[in-house]
Amino acid sequence: MDWIIVDCEDTGFSDTDTPIPQQPIELAALRVRDWQVTARLYCRWQPSIAVQPKAAAVNGYTGANWIDAGWMHERDMDAFADIARGAQWAGSFPDYDFRLLDAARRAFGMPAFPLGTHRKIDVGTLGAPMLRALGVTRGGMDAIVDTLAFLGMVVPPMPADLAAEARGRTGPHTAMGDAWRTLHALRCLWRP
């Protein structure tokens, strides 16, 4: 089965106690077969709600950085559905990203994403035993990637076509940067 590696950046935090609904402002989706990216999608959207300052400090949102971004459109969700068709969703916190995109899909009145299975691969959970075994006390993708690098499995450079697609937003805590890091972590953790 193919995987669809998905990462969103949004207007807030997944761990906030505030009941304010969050909104995606950036999406990267990498369709993967045999550890090769076979298709990709990148979107950046204007938020219609305020971006929380703590979130902006992490994900790099500024009005100037998003000046060329449009509003989320139904065609974006159609494009995502096309790239996701028949694949298994994977991500560093896949349930959160799924909830963000599923809410957008429902807002447009669209049918469910045509995934190959409703089961998601949580790379953050896959990496937890490695972190625990090595005594790493923090969690998340940064800890997993750092620990893999410590073990000699450094994230390879992002291919130029993916970097160009993301218009330079390729580092940690950007949608494309995190999707690329998640693919690397999945490859390193899944194969053994």
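1. The Thr 174 side chain gets to within 2.6 Å of the backbone oxygen of Gly 171, a polar contact (a pair of N or O atoms within 3.5 Å; within protein, one must be able to donate a hydrogen and the other to accept it, and residues adjacent in sequence count only if both atoms are side-chain atoms). Thr 174 sits in the loop between α6 (160-165) and α7 (175-190).

2. A word on the source: this is a predicted model, with local features needing pLDDT of at least 70 and side-chain atom pairs counting only at pLDDT 80 or more, while totals for chains, interfaces and linings use all residues. Residues are numbered from 1 along each chain as its sequence is written, and side-chain values use heavy atoms, leaving out hydrogens and water.

3. Thr 174 is buried at 7% relative accessible area (buried means under 20%, with a 1.4 Å probe and protein chains only). Leaving aside residues up to four places away in sequence, Thr 174 touches Asp 7, Glu 9, Glu 26 and Arg 169 (contact means heavy atoms within 4.5 Å).

4. On to the helices, which are DSSP runs of H or I, at least four residues, numbered from the N terminus. α4 (residues 123-133) packs on α5 (residues 141-150) at about 50 degrees, axes 10 Å apart. That makes the pair oblique, the class left over once angles under 35, over 145 and from 65 to 115 degrees are taken out.

5. From α4, Val 123, Gly 124, Gly 127, Met 130 and Leu 131 meet α5 residues Met 141, Ala 143, Ile 144, Thr 147 and Leu 148. Buried residues in α5 include Val 145, and the buried set packs against both α4 and α7.

6. Just past α5, Gly 152 has a positive phi of about 95 degrees.

Note on methods:
Axes are lines fitted to C-alpha atoms, for helices over the stretch in contact, and angles run from 0 to 180 degrees between N-to-C directions. Helices (H or I, at least four residues) and strands (E, at least two) are DSSP runs, numbered from the N terminus. Buried means under 20% relative accessible area, exposed over 50%, partly exposed in between (1.4 Å probe, protein chains only).
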